[in-house]
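Let's learn to read a few features of a structure together, one question at a time. Please have a look at the model first.

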Amino acid sequence: MTAYVQERFPLTRVLIADDSVPLRSGLRKLIEDHSGWVCAEARNGRDAITKIQQWPPDILILDLCMPVMDGLQAAQALSKLVPDLPILLCTTDLPLSLVSMAQHCGIQGTVSKYDYRQIINGIQALLRHETFFCRN
């Protein structure tokens, strides 16, 4: 892609961190169906931190329950490493206590991983530098 095309039509880089291969694949398809959005994938929080250093995303979609390093641990580490990185926590259950913990860890948005419309809305909100906290 030429520099002119990149400048004129910049891509939005989305990193998906989730230990479920089928879920990552589904999210990737959903996101890449959106014009101008491209994805990379990570298996857990630690893998996400490594990928962010190699492929800096515009936004991180982070699962809560993952092996090695969970979503809250990764968000805490990333809020120090890359403080301006918008993080959308995408998990199955979103009780008020989890939403509060997520905010405390530097996460700017929460959505249910089964509500695809809200995932897209959440990404768009965070890219506009807004917060987006949904509860199910």
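**Reading side-chain contacts**

A: Let's start with a polar contact, which is a pair of N or O atoms within 3.5 Å; within protein, one must be able to donate a hydrogen and the other to accept it, and residues adjacent in sequence count only if both atoms are side-chain atoms. Here, the side chain of asparagine 44 comes to 2.8 Å from the backbone nitrogen of aspartate 47. The side chain of asparagine 44 also reaches the backbone nitrogen of arginine 46, at 3.0 Å.

Q: Before we go on, what kind of model is this?

A: It is a predicted model, in which local features need pLDDT of at least 70 and side-chain atom pairs count only at pLDDT 80 or more, while totals for chains, interfaces and linings use all residues. Residues are numbered from 1 along each chain as its sequence is written, and side-chain values use heavy atoms, with hydrogens and water left out.

Q: Where does asparagine 44 lie?

A: Helices (H or I, at least four residues) and strands (E, at least two) are DSSP runs, numbered from the N terminus. Asparagine 44 sits in the loop between strand 2 (37-42) and helix 3 (45-54).

Q: Is asparagine 44 buried or exposed?

A: Buried means under 20% relative accessible area, exposed means over 50%, and partly exposed is in between (1.4 Å probe, protein chains only). With 8% relative accessibility, asparagine 44 is buried.

Q: Which residues is asparagine 44 in contact with, leaving aside its neighbours within four places in sequence?

A: Contact means heavy atoms within 4.5 Å. For asparagine 44, the residues are Ala17, Met66, Pro67, Val68 and Met69.

Q: How many salt bridges does a search of the whole structure find?

A: A salt bridge is a side-chain nitrogen of Lys or Arg within 4 Å of a carboxyl oxygen of Asp or Glu. The search finds nine.

Q: What does lysine 113 form a salt bridge with?

A: One partner is aspartate 18, with the closest N and O atoms 3.1 Å apart. This pair links distant parts of the chain, 95 residues apart. Lysine 113 also meets aspartate 63 in a salt bridge (3.1 Å, N to O). Lysine 113 is buried at 8% relative accessible area, and aspartate 63 is buried at 4%.

Q: Which residues are linked in a network of salt bridges?

A: They are Arg24, Arg28, Glu32 and Glu41.
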